[in-house]
Amino acid sequence: MREWRRIIQARTGEEVLARARVCASFWPIFRGLQFTRPLEAGTGLLFDVRRESRSETAIHMLNVFYPIGVLWLSAEGEVVHSALAKPWRLYYGSPRPARYFIEALPDVLERAAVGDVLQLDEVVE
């Protein structure tokens with residue numbers, strides 16, 4: 001069974017992503033978006049590494065064939081870094097420790113910025 005979250009701005013209640021699939025175990029975190037088709041609008045992946053870390057939240061774009069927007073979040077949900085990740089690049093990471101990171105279409109970067117606090121609300125299917 002997959003767990004899904006709705007991600008919203010804590011201050012305004014505006015939706016950042018309608019559906020983000022939670023990736024919290026080794027295989028989903030390892031696979032990420034490798035060898036996948038581009039995401040649908042309003043969807044993404046929410047990675048939870050269970051503790052704040054710089055190294056465990058670093059990503060690569062090998063075998064990802066389209067650009068994505070990436071948001072790194074602290075344990076409290078504050079966006080600590082963001083980046084437009086391009087295909088086939090070896091490294092993207094946050095200069096500050098993060099517990100979560102979100103991978104979505106690049107337009108996610110227009111809906112959330114460094115300093116924003118996001119709520120990871122559970123989605124009922």
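Which residues does Ile68 touch, not counting those up to four places away in sequence? Ile68 touches Leu33, Met61, Ala83, Leu84, Ala85, Glu103, Ala104 and Pro106, where a touch, or contact, means heavy atoms within 4.5 Å. The model is a predicted one, in which local features need pLDDT of at least 70 and side-chain atom pairs count only at 80 or more, while totals for chains, interfaces and linings use all residues. Residues are numbered from 1 along each chain as its sequence is written, and side-chain values use heavy atoms, with hydrogens and water left out.

Ile68 is also among the residues with the most contacts inside the largest nonpolar core, a group of 20 residues. Such a core is a set of buried Ala, Val, Leu, Ile, Met, Phe, Trp, Tyr and Cys residues joined through side-chain atoms within 4.5 Å; buried means under 20% relative accessible area, exposed over 50% and partly exposed in between (1.4 Å probe, protein chains only). Strands S3, S4, S5 and S6 each supply at least two residues of this core, strands being DSSP E runs of at least two residues and helices H or I runs of at least four, numbered from the N terminus.

Phe26 is exposed at 64%, and Phe30 partly exposed at 46%.
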